[in-house]
Amino acid sequence: MRKIVSVFLALILAFGVVTPTVVSAAKVKKVSKPKISSVSTVSTTSIKIKWKKVSGADGYVIYQKKNSGKYTKVKTITSGKTTSYTKKSLTSATKYTYKIKAYDKVGSKKVYSKYSSSKSTYTKPSKVKISSVATASATSVKIKWKKVSRADGYVIYQKKSGGEYTKIKTITSGKTTSYTKKSLSPSKKYTYKIKAYIKSGTKKIYGSYSDTCSIKIPASKPSSSTQTNTSSAISTSSTSSSSSSSSSQTSSNTNSSNISSTTSSNTSSTTSSNTSSTTSSNTSSTTSSNTSSTTSSDTSSTTSSNTSSTTSSNTSSTTSSDTSSTTSSNTSSTTSSNTISTKTPSLSQGTIDNGTIYSHVTTRVYTDEFLSISDYTDVILASGYKAMIHVYDNSQNWLARNGNWIIGLGDSIYTTTKMKSLSSNAVYFRVVVAPVVEGNITPNSTKNVLTLTYSSLAEGGTSSSTTLSNITLSSSLETLSKKTTYDLLPSISEVAALMKTSVATSTLGAKFIENTTQTASAVSSLRTVTDNRINDIRNTDNISIPSNATVYYVSNSGSDSNNGTSSKTPWASLSKAASVTGTSSKPAYVLFERGGTWRGQLTTSAYVTYSAYGSGDKPKFFGSPFNAGGSSNSSKWSKYSGNIWKLTSSSLKDDIGAIIFNDSSYATKKLSLSEVKSDLQFYHDYSNGVVYLYSTSNPATRFSSIEFNSGYHIIVAKKNVTIDNLCIKFGGKHGISSGNSSYLTVKNCELGWIGGSLQHPGTDTVRFGNAIEIWGYCDNFTVIDNYIYQVYDAGITQQITLTDNTTRKHQNVLYSGNVIEKCNYSIEYWITSTDENQSYIDTFLIEDNLMWYAGTGICETRPDGGNASHIQGWRKYNRNRAKNFAVRNNVMIESTGQLVDIYTTQKNSDGSNSMPTFNNNIMLNKSGTNFGILKQGTSGDTSIPKFAVLNKNIFNSVDNVLNGDILGFIR
């Protein structure tokens, strides 16, 4: 019996010893399986995996599958706080699938969770290599390139004579390696670039752009060989006759191949030697009522490839007999008509308001395209309108305008000589049109006519002309639009398809999607789109330099004792770069070498473009005076008290708004040392240049990179300035700051980790900092194709508060194609004054932007959190009157406040609505939140209704504001 009791007691003791381990193991088994947030393409050889942090996890294990192969372990993460990993050394254009499991340590063992759900993506296809670009005919070129392994197709882009690239063709087969572009203009330079793509479901993943390749189309010249092939199918007797006439046309015609084919297509042999008459008939290329023989554009194979049947008009054999004399007349007339057919401005119907018209009102309209001065002799304006000529340089930068409005009475109002006199560097022009000021007028349809007279001056053309009538006007808002089709930016119909719904057709509201599963699918796809768009922005090509520009180079390996005029003799400093000036007739370009870093402030000069040269990462402009991270800097930090570390530097006497670690996390600013109590909180004694940072170990050994958002603007921009292709980071105030500015353009830039410094150190505790700001009036403010992130205040803002009756306007403002995320406001604006009528916004377009997570990231350190939004038209500055204000084709996802916050107490002085119009936007927010505030009320109105979802209906406080937008809850 004692033995039994002893055994029983021994068992109890044994269980008493092991029980804690059993309980601990049971607790560990409850660790949740991870949830992969995204698997996104980074490059041809790398993919980034992100996942949600698992509570209680000590680490994660990542598994990878290539195509349809087996999973293999690729990485063990040893920290439960880590939530991302980039897998490198992958194969281009290849599908990879990932899954993750979390683990918890129990002694020396690991207890694992279940696997996460898997997610896949493809690596980018390789960079395309263009083999050749060669002329295929008088008006076409053939582009050839090397086949990219595993590509599903290619996209070809074209740029004409200093303009912007446009997509001209999508090739849908990866095996295709050539393409012929037709309908080009003689004497013009064309540049091409290509990128490959692979299909990933319904989306495409694009490779990097090829290097560019340019070609200049030769001027048309007489050449009998040009017509040899086109007349091969004609009888011998007519061939000789038509051939001589055709070749003479070649010298005069921008569409020579087309015209010559109609010449040789004297299908009715009755025209025989009168071939020359068909040439002159082309002067009226608009008439297509010709004799059946000449109008049949494919009459025999002689009708060379692009026989534009419009040119085959009026084979008026009335000019017949004398081939040589008709050739002469053809030279002038065909040149004139073909110039018209290829140079007609793309104008569309616009709206003209009633009432007294002044030159600055929104009824101004422009020709949509930039017209070449060399192609036209006169601009004639129809009666009832007035006009002003604007001229531009070879890069389409605005140079000058004639000082006064010109009343159009059917006479020539401007000639080439007059246009060139505005600026000797003028290459292009546009016509600005408004109704004639005659008191109160009521325009009618017969007044919507802009009559332009064209006449080619190229290749010896005469001044004979043809007038184009009944061309309607386009609104300045549409002219302002960048009109760029982004391959990666989905249409609202594509997003609607992801949500398994249709786009709203009602003009009084949006389409609301309540199903969170549907919206989650859209969000996932839009995140992939966004990441690809960011990658494209980060890899923008170098800018094209016009031939008339002065160019200077700056490099970290340069010297200020160099002349700076060559990449082999570059300068080194920002002060040298700031010394460059330009003029409207001779702009300057300051190019910084890619891969370089400059710390400090750059002040710009008028008529200067600041951009990049070379290869690699964009040139970096840091407000942070130095990097305090890495083991080599550990001696700079000393223990102050407990876990508080101290760093002293004379370079740190500008108030620091934030401290950024490893370009991925940040410290929280405190306004007194006594408040620094937790990890990664800091206080800055700016008077003495001392930083106090709470850290569990020496910050320099903990982080390889420690940068300070130092309290000044990184770039101070003046008027007539372009900032292109730069990386601007770590500024305590603004990334780019400008005041009372006109013709400021920021494009293709990366701006991150901006703001948080005190606005008036020693006076108040207000903190601020915007990525791009204009304070004061602005005219022609353009922000396009930038990646903006982690900003304390606004990503982009235009603002002014006036205390007197001074007239100030924000006009011709375009924000387009940007990715903006983790800013308190993605876009912010306000304009107000004590005057009721003078200050307002005129022509403002927010278009094609991807905006994510307003109110998160570095701006979470704001003491006034909760007012975040993607578009903020401040209620406290509630005049905010606006004309021609549109918000369209944007994606707005999540905000800690509202997606949109716009409220004004007043209509415009003419009684029109002062609110923006919304159209085709995708707006997705968290379940239970509001989408925004849109209200036009009265002064003192405290009821500010929000548009949200009430009983599955959209509540909207402003009629006709939401038009075809999609709204949905994410979760």
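User: In what order do the three strands of the open antiparallel sheet stand?
Analyst: This is a predicted model, where local features need pLDDT of at least 70, side-chain atom pairs count only at pLDDT 80 or more, and totals for chains, interfaces and linings use all residues. Residues are numbered from 1 along each chain as its sequence is written, and side-chain values use heavy atoms, with hydrogens and water left out. Strands here are DSSP runs of E, at least two residues long, numbered from the N terminus, and two of them pair if DSSP finds at least two bridges between them. On that basis the order is β1-β2-β5.

User: Is H870 buried or exposed?
Analyst: H870 belongs to strand β54 (residues 869–873). Its relative accessibility is 0%, and buried means under 20% relative accessible area, exposed over 50%, partly exposed in between (1.4 Å probe, protein chains only). So H870 is buried.

User: Which side chain makes a polar contact with the side chain of H870?
Analyst: A polar contact is a pair of N or O atoms within 3.5 Å; within protein, one must be able to donate a hydrogen and the other to accept it, and residues adjacent in sequence count only if both atoms are side-chain atoms. A polar atom of the H870 side chain lies 3.2 Å from the backbone oxygen of I893. The side-chain partner, at 2.7 Å, is S826.

Technical notes. Helix = DSSP H or I, 4+ residues; strand = E, 2+ residues; numbered from the N terminus.
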